[in-house]
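Subject: Structure handover

Hello,

Here is the structure for your files. Please open it alongside this note.

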2 protein chains.
Amino acid sequence: MPEQEAKIYTIADIAKELGVSKTTVSRALSGKGRIGAETAQRVQEFVREHNYSPNVVAKGLAQSKTYNLGIALPFDCVDLSFFKECMIGICETACRYSYDCIVSIQWEGGLSQIERLVMDRKVDGMIVTRSVIDSQVVRFLKERQMPFVVIGPSDDWEVVSVDNPNQEASMELTSLLLMKGLRKLALIGGNNMHYVTESRKQGFLDAHMEQGVLADRSVIYTDIDDYRKIARVVGQGVAAQVDCFVCMDELTCMSVLGCLHEMGIRVPADVKLVSMYDSHRMEFNTPPVTSLRFDTYGLGKNACMEMLKMLGENVEDEQLALSYQLILRESTKTT
Amino acid sequence: MPEQEAKIYTIADIAKELGVSKTTVSRALSGKGRIGAETAQRVQEFVREHNYSPNVVAKGLAQSKTYNLGIALPFDCVDLSFFKECMIGICETACRYSYDCIVSIQWEGGLSQIERLVMDRKVDGMIVTRSVIDSQVVRFLKERQMPFVVIGPSDDWEVVSVDNPNQEASMELTSLLLMKGLRKLALIGGNNMHYVTESRKQGFLDAHMEQGVLADRSVIYTDIDDYRKIARVVGQGVAAQVDCFVCMDELTCMSVLGCLHEMGIRVPADVKLVSMYDSHRMEFNTPPVTSLRFDTYGLGKNACMEMLKMLGENVEDEQLALSYQLILRESTKTT
DNA sequence: CTGAAAGCGCTTACAG
DNA sequence: CTGAAAGCGCTTACAG
């Protein structure tokens, strides 16, 4: 049986079959330029019947566009679910505007893949999913005059960025702990070079300020990124008799919980525990851990809309306000 | 200060500057066709100095290629780390051959995004990262005559697929348990429509066969995909006094462990626990859980190499043999 | 070894 | 309202 062998039509084929010019077909398809209603009809019908779809690459070449967005994804993303949700938000939105997303793995420091992507002119813009202080990537993108938006905070006026309300949320979470009467809070967090670490710490400090409690700087630990270091600072925290461990992310939190278990320290009976970033893990842990849930999908979506706007796409300005929830679970039960 | 305003050269510019034809420039760059050594030199030098890089899209159009690979990623990937590592393996390899990867989120059942990607002719081939029984995606890809490879098992002769040795590894893991004298093993697993569920179960049964132990089918549970169901079957397993819970994936395993904790049942003292898929979580749990570690990065790499081969790329046949490790941890200590 | 020309499949001034 | 033509930036027979 000779397969249906779906002939791939070109605009020229259609023009010939219909006895009109390529120009006309093109116009009927794009809707740009004046064109007779009847002619347009005929073209559209033909197209539908033979389910033609234009060669986007050719279209792109003619317009000096690619209809592709690049997503720079850090290779060492601990926070898997964050990047996944973000990516889905971006892709979905891109798709709605007929763009596709090319992923580019971003190795620490270097920018090999991203460089190629940009130099090859395979994307119209870039979305950078981890904002790093003094980023090479950002510098490169600027230099190459490639439009981009970064996800996460930025103190650079020229950079378009979208972000979760990390500082605000961290502050609310911390305030709550203080209001519960917990006084000595240990903060355990990630890489100092990540902006987000800074925001969370700031929120933590803001809350102390607001509640009129002096933050104990001796139990604020940052750049704690492996199990050994975590074990060490948990030990220190316990020795210092902190009331609560405040973890900046879920992975750290899992590890802290592990350490506590091992030391035979009970949560929440002996010490409280919270995470500044929620995940399924936080929910199904023993005990379930109080944490902050952000709308990461929405974040990706917003980033993408900003990008599309920069590219001159006519996006309806449905930019959603990013919110978060403070989810109280057993790990902070005080009774 | 007028930015360096990096002029974007085209092949025509170069030809003019050097007083040769575009053909010559093209040849000097691609290395195809005979060309004078000296001329080639001159071109290459010019190119280096002005760091020109060709417009890949235009090149693609001329060759009816895109130099893009599509990766179909399931939106509901529980096994985040699997897809991430796989993706990195793919992207890395693609990059080495000057391809880029467009991600396409694959919603349950539907194939909207993938369809667009293919119809728009934005990719040369597709890599499908979850093999599902009787897959719509596969059917569509075949119909459209789009080259593709699937990651995971496939019983379809026409389909190129690469896979982890799931069955073999599951068998080894199970055998080990049986050899340790554990007799009643509960198997808890995921979606029946996923091929991988089938492979793991088969390996589990093979081991029983090999060891001459009758598998107790009453404690083989599949399609257990949410916390409620897990809680239920764990309860049943405990009541049936199983010796060990064998979980097909890490997420399930985490939940099973949670349930056991809640019921006050100790691992490994009262019951053993293993996972057929490793992750950091398994390592840093209390107790750490015995599990199977696969080379997912290598899997992605292989998939990509297969794909590139199909596309006529001259890949060195460094196809790596996929292996796995059986990592024994505290959760199966028998003393 | 080198080049003029046609072509990849589209878009878009420009001129009817 | 419609079309011939040039152009997007490359490649590749074909003919020197």
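Below is what was found in it.

This is a predicted model: local features need pLDDT of at least 70, side-chain atom pairs count only at pLDDT 80 or more, and totals for chains, interfaces and linings use all residues. Residues are numbered from 1 along each chain as its sequence is written, while chains are lettered from A and ligands numbered from 1 in the order in which they are written.

Domains. Chain A is assigned domain 1 (11-54), domain 2 (66-163 + 297-323) and domain 3 (166-293). The bounds come from an automatic or database domain assignment. Between domain 1 and domain 2 of chain A, the C-alpha centres are 35 Å apart.

Interface. In chain A, 38 residues are in contact with 38 residues of chain B (contact: C-beta atoms, placed from the backbone, within 7 Å). On the chain A side, two or more residues each come from α4 (56-63), α5 (80-96), β2 (100-106), α6 (112-119) and α11 (250-262). Helices (H or I, at least four residues) and strands (E, at least two) are DSSP runs, numbered from the N terminus. α5(A) gives the most, with 8 residues. By class, that side of chain A has 19 nonpolar, 11 polar and 8 charged residues (nonpolar: Ala, Val, Leu, Ile, Met, Phe, Trp, Tyr, Cys and Pro; charged: Asp, Glu, Lys and Arg; polar: the others, Gly among them).

Strands also pair between the chains. β2(A) and β2 (residues 100-106) of chain B are antiparallel over 3 bridges (pairing: at least two DSSP bridges between two strands). A:Ile102 stands opposite B:Ile102.

Helix packing. The axes of α5(A) and α13 (residues 296-310) of chain A come within 7 Å and cross at roughly 45 degrees. Axes are lines fitted to C-alpha atoms, for helices over the stretch in contact, with angles from 0 to 180 degrees between N-to-C directions. So α5(A) is oblique to α13(A) (under 35 degrees is roughly parallel, over 145 roughly antiparallel, 65 to 115 roughly perpendicular, the rest oblique). Residues making the contact include A:Phe82 and A:Ile90 of α5(A), and A:Tyr297 and A:Leu299 of α13(A). The contact residues divide into 11 nonpolar, 5 polar and 3 charged.

Sheet. Six strands of chain A form an open, mixed sheet in the order β7-β6-β8-β9-β10-β11. Its edge strands are β7 (220-221) and β11 (324-327). β6 (residues 185-188) and β8 (residues 244-247) of chain A pair in parallel over 4 bridges. There, A:Ile188 faces A:Cys247 as its opposite residue.

Regards

How values were computed:
Two residues are in contact if their C-beta atoms, placed from the backbone, lie within 7 Å.
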